[in-house]
Amino acid sequence: MKGDIGLKSSFQVFTRRVRSDWHFQYRALRMAVDWVIAIYFVIPLMIVAGYQYYSWWATQPSWFSWISMFIVTMVFYVFSWLGTIRYFVEEGDQLFLRQNQKWFRHLMLLGYRYSLVLQGITTLILMLVFLPLLVQTYSYSVLQVISLWLLTYLLKLNLGLLRQLLALRLYGIVLWLLRIVVFGGLFFLYQVLVTEVSHNSYYSWTAILLLLVLVVFLSRIRLQEKGAFFADIVRERDARMRIVSLMLIRVIERKRKPTRKYPLLFGRSQRLFKGKGASNGIADLLTKSFFRNGTQWKQTIQFVAVIGGAMFILPGALKITIWIIAACLLVFWRKSFCKDELTAPFLTLFPIQDTAKHQALQSAIPILVMPALILISLCMGISFFTWWGPVLMVGAAIPLAYGTSSVFTSWY
């Protein structure tokens with residue numbers, strides 16, 4: 001009886017925290033969507049989206065044929081990689097709940113089960129969004145749709161558990177590199193499994209069974225993990241603040257990490273851009289600031305790895321399209337970074353005209369785009385399996401970098 005009372009009490013703690021979380025997310029959404037936006041934008045958008053979804057079932061749109069199964073699989077895989085498994089632990093638990101291991105373990109188990117249900121529902125919603133495409137264009141049967149849903153759902157759970165276990169055991173550059181390897185390797189494995197869903201149900205259901213066994217195995221390890229309390233607190237805080245963080249991402253001032261006394265890149269370099277004037281000096285500052293930023297390097301390597309790997313899978317015509325889109329994304333990314341750097345407090349001390357800032361952007365952005373675009377172009381050239389492919393595409397990367405930069409920096 002005493003144990004039952006304890007479990008019931010821990011269940012009450014869990015339900016109170018879930019209600020508090022949902023109430024917090026609701027208030028965060030109310031900050032961004034008031035009744036005016038809801039009436040004039042959100043509700044009409046939902047009505048139009050619902051009508052369009054119904055029309056997809058009635059008549060198959062012509063543009064459905066443009067969406068390859070590779071693109072669908074890529075969307076599903078990125079969705080599987082995102083998100084986390086929550087345990088609803090808080091800092092105050094170390095004062096009381098952790099003293100009662102039965103309560104604390106039951107609370108974590110309830111949070112884990114809640115995450116399992118929530119992940120299953122969100123995966124089902126994503127599947128319903130793509131259901132007209134899968135049924136109308138790729139002729140998926142009910143059994144194949146269920147198989148794809150289970151495959152994506154179980155992969156999402158395994159990825160969530162695996163990322164947590166890796167983060168508890170590894171740190172720094174080793175963890176970062178391993179996550180890139182895991183992301184790329186499992187992406188190709190997922191592509192193969194989805195192909196088997198369409199062609200061979202035996203292999204797909206075997207893979208689902210193996211993923212289910214792996215979920216049970218990783219879950220036991222994760223729930224018995226020692227020393228994960230403070231990491232769980234940080235993860236829970238991030239999950240709770242996910243909507244607020246999206247709304248405040250452009251508002252909160254970025255905390256600048258202390259820099260090295262002598263930077264690794266351009267430590268003792270002189271001016272990179274020759275000539276006098278404020279625009280050249282600002283272009284120097286933007287270029288050095290970007291190449292000395294470790295976060296930008298990490299994100300760039302991840303972007304190049306994903307796009308470069310896709311070049312070996314995509315058909316020839318689509319490669320060119322993705323190559324141009326990647327160049328545009330890189331330019332837009334670099335431009336956003338540079339404009340953020342131009343709002344640095346120390347720059348506001350100088351009377352710099354917007355014209356000089358605009359000229360600095362036009363000079364710096366092609367240089368910032370070039371390394372990543374050349375690597376993507378090299379992967380694309382190698383994927384042609386000809387001796388002239390890499391030479392041609394690397395050569396074409398230079399005018400593409402300057403051309404897209406010129407378009408996107410034509411306005412400040």
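Biologist: At what angle do helix 5 and helix 6 pack, and how far apart are their axes?
Modeller: Helix 5 (residues 142-169) packs with helix 6 (residues 172-199) at about 165°, and their axes are 11 Å apart. The axes here are lines fitted to C-alpha atoms, for helices over the stretch in contact, and the angles run from 0 to 180 degrees between N-to-C directions. Helices (H or I, at least four residues) and strands (E, at least two) are DSSP runs, numbered from the N terminus.

Biologist: How are the two helices oriented to each other, then?
Modeller: Helix 5 and helix 6 are roughly antiparallel. The cut-offs are under 35 degrees for roughly parallel, over 145 for roughly antiparallel, 65 to 115 for roughly perpendicular, and oblique for the rest. Their crossing is right-handed, where right-handed means the near helix is turned clockwise from the far one by less than a right angle, and left-handed means anticlockwise.

Biologist: Which residues make the contact?
Modeller: Among them are L148, L151, L155 and L159 of helix 5, and L178, V182, L186 and Y190 of helix 6. Contact means heavy atoms within 4.5 Å.

Biologist: And how do those residues divide by class?
Modeller: The contact of helix 5 with helix 6 has 15 nonpolar, 4 polar and 2 charged residues. Ala, Val, Leu, Ile, Met, Phe, Trp, Tyr, Cys and Pro count as nonpolar, Asp, Glu, Lys and Arg as charged, and the others, Gly among them, as polar.

Biologist: What kind of model is this?
Modeller: A predicted one, where local features need pLDDT of at least 70 and side-chain atom pairs count only at pLDDT 80 or more, while totals for chains, interfaces and linings use all residues. Residues are numbered from 1 along each chain as its sequence is written, and side-chain values use heavy atoms, with hydrogens and water left out.

Biologist: Okay, how do the axes of helix 4 and helix 5 cross?
Modeller: They come within 9 Å and cross at roughly 140°. That makes helix 4 oblique to helix 5, and this crossing is right-handed. The contact includes L116, T123 and M127 of helix 4 and L148, W149 and T152 of helix 5. By class, it has 12 nonpolar, 4 polar and 1 charged residues.

Biologist: New topic: where does S139 lie?
Modeller: S139 is in the loop between helix 4 and helix 5. Its phi is near 55°, a positive value in a residue other than glycine. Most residues other than glycine have a negative phi.

Biologist: Is S139 buried or exposed?
Modeller: S139 is exposed, with a relative accessible area of 54%. Buried means under 20% relative accessible area, exposed over 50%, and partly exposed in between (1.4 Å probe, protein chains only).

Biologist: What about phi of F88?
Modeller: F88 also has a positive phi, near 55°. F88 sits in the loop between helix 3 (69-81) and helix 4 (101-136), and it counts as buried at 2% relative accessibility.

Biologist: What does E236 touch?
Modeller: Not counting residues up to four places away in sequence, E236 touches R86, Y87, F88 and V89. E236 belongs to helix 8 (residues 229-240) and is buried, with a relative accessible area of 9%.

Biologist: Zooming out, how many helices and strands does the protein chain have?
Modeller: The protein chain comes to 14 helices and 0 strands. Of its 412 residues, 40% count as buried.
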